[in-house]
Amino acid sequence: MEDDYVFAIEDSYPVTPGHTLIIPKRHFDNYFDINKSERKSVEELLKKRRKQLLELDKTIEGFNIGVNIGESAGQTIMHCHVHLIPRRIGDTINPRGGVRGVIPEKMNY
């Protein structure tokens, strides 16, 4: 899946099956440096990939979308990319807090 500005690939170390990366073709490391055309393409490809995943796997019941910006936020590949992570009932004991889980003690509130 791709367009003029971005492409999608499955993550090499998926959090869940179907974990996909949406990656701008232009090189930059910080999501805040994305331009309007790239941002629009990211959003459109996220929607297309979500639809595709839902058609392929009826066990998917939710999604997390995330971006790591900087080493302190967990970024290990210094090229901007957006994570689309399919979620299924039972894939974690307690999903409450969602993305707050990046700091586990802040997840349950």
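In which sense do strand S2 and S4 pair, and over how many bridges? In this predicted model, S2 (residues 20–24) runs antiparallel to S4, and three bridges join the pair. Within this pairing, leucine 21 lies opposite histidine 83 of S4. Strand S3 (residues 60–66) also pairs with S4. Here too the sense is antiparallel, with six bridges. Isoleucine 60 has arginine 88 of S4 as its bridge partner.

S4 itself is largely enclosed by the rest of the structure, because seven of its seven residues are buried. Buried here means under 20% relative accessible area. In a regular strand, side chains alternate between the two faces of the sheet. One side of S4 carries Val82, Leu84, Pro86 and Arg88. His83, Ile85 and Arg87 point the other way. The residues on both sides are buried, the arginines Arg87 and Arg88 included.

The largest nonpolar core holds 13 residues. Val6, Ile22, Val42, Leu45, Leu46 and Val82 touch the most other members. Three elements each supply at least two residues of this core: strand S1 (6–10), helix H1 (36–56) and strand S4 (82–88). H1 gives the largest share, four residues.

Leucine 46 illustrates the packing around one of these core residues. Apart from neighbours within four places in sequence, leucine 46 is in contact with Ile22, Ile65, Val82 and Leu84. Two of these partners, Ile22 and Val82, are themselves among the residues that touch the most other core members. Val82 and Leu84 point the same way from S4.

Methods: Residues are numbered from 1 along each chain as its sequence is written. This is a predicted model: local features need pLDDT of at least 70, side-chain atom pairs count only at pLDDT 80 or more; totals for chains, interfaces and linings use all residues. Side-chain values use heavy atoms; hydrogens and water are left out. A nonpolar core is a set of buried Ala, Val, Leu, Ile, Met, Phe, Trp, Tyr and Cys residues joined through side-chain atoms within 4.5 Å. Buried means under 20% relative accessible area, exposed over 50%, partly exposed in between (1.4 Å probe, protein chains only). Contact means heavy atoms within 4.5 Å. Two strands pair if DSSP finds at least two bridges between them.
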